[in-house]
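Student: Could you take me through this structure, beginning with whatever terms I need?

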Amino acid sequence: MDLLMNQFLDGIPKEIESLQNLMYIFLRHNKLQGSIPDSMSNVVGLEFLNLSHNNISGTIPRSFKKFQYLKYFNISYNKLYGKIPSGGPFKKLSSQFFLFNEALCGSPRFSVSPCPISSKHRSNRRKTLIFLLVGTALSFVPITFVLVWIRYRKGKRAPQQADSLSITTRGRISYYELLQATDSFSESNLIGSGSFGSVYKGMLSSGTAIAVKVFNLQLEAFKSFDTECDVLRNLHNRNLTKVITSCSNLDFKALVLEYMPNGSLDKWL
């Protein structure tokens with residue numbers, strides 16, 4: 001059936017499904033509108049279908065994946081949108097057959113944009129992420145508590161060592177070095193602040209970029225600061241920011257962390 005280059009208007013008639021023995025349908029260069037009827041998939045012997053250069057809109061029927069003999073399916077120069085099916089005969093069709101349908105999306109081999117993730121899929125992914133985060137937290141918190149408790153008990157038995165502003169056998173860094181690295185904790189180096197304290201970006205004399213977390217000593221939580229520092233420094237996990245060292249005396253307590261340059265966790269969540 002060759003009806004190309006006429007002035008046909010309106011849509012493709014649904015009754016075409018009754019012509020089940022057709023092998024060739026050429027309707028290009030007309031003024032056809034509306035969507036491609038899903039019933040066309042009942043023309044089971046179809047091998048060549050050309051609907052190019054019309055005003056056809058809507059999506060490509062998913063039922064077209066069941067065509068067993070389709071070798072040529074040209075829908076270029078229309079107003080179609082949505083995902084190009086990936087199964088059945090679409091595995092072998094050329095990208096040239098889908099040109100100038102700007103809203104089509106799908107596999108890169110069709111030379112179209114990737115399809116956006118639906119709100120339903122985004123919601124499912126968000127729920128999965130929250131579930132994983134909660135599960136990880138529930139597992140991690142008890143382990144951390146046990147480690148802190150063990151370290152705390154050991155620390156109570158061992159003789160207390162005097163706090164120092166210089167680097168000791170525990171790998172601390174001096175207050176003076178932190179002043180130099182952060183330009184005296186200037187506002188230009190302030191990364192963020194909260195109830196626990198403030199975080200500053202700094203650069204050590206060795207060229208290492210660091211983040212210095214200066215704690216608010218008014219909080220009761222930092223009475224076991226030294227013990228917790230030892231525990232955190234010995235934790236190794238690719239999902240945790242690395243604790244390099246610490247600086248501590250009676251009036252000042254800070255953690256020196258690996259600097260992460262890509263913004264806050266809140267931004268990425």
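Tutor: Two strands pair if DSSP finds at least two bridges between them, and helices (H or I, at least four residues) and strands (E, at least two) are DSSP runs numbered from the N terminus. This is a predicted model, in which local features need pLDDT of at least 70 and side-chain atom pairs count only at pLDDT 80 or more, while totals for chains, interfaces and linings use all residues. Residues are numbered from 1 along each chain as its sequence is written, and side-chain values use heavy atoms, with hydrogens and water left out.

Student: OK, which residue is the bridge partner of V212 in β11?

Tutor: V212 has V256 as its bridge partner in β11; strand β11 (residues 253-258) and β9 pair in the antiparallel sense over five bridges.

Student: And how many bridges join β8 to β9?

Tutor: Seven bridges join strand β8 (residues 197-203) to β9, and the two run antiparallel, with G197 having F215 as its bridge partner in β9. Their hairpin has five residues between the strands, and G207 there takes a positive phi near 95 degrees.

Student: How many residues of β9 are buried?

Tutor: Five of the seven residues in β9 (residues 209-215) are buried, where buried means under 20% relative accessible area, exposed over 50% and partly exposed in between (1.4 Å probe, protein chains only).

Student: Switching topic, why does N74 count as buried?

Tutor: N74 counts as buried because its relative accessible area is 10%, and this residue is found in strand β4 (residues 72-74).
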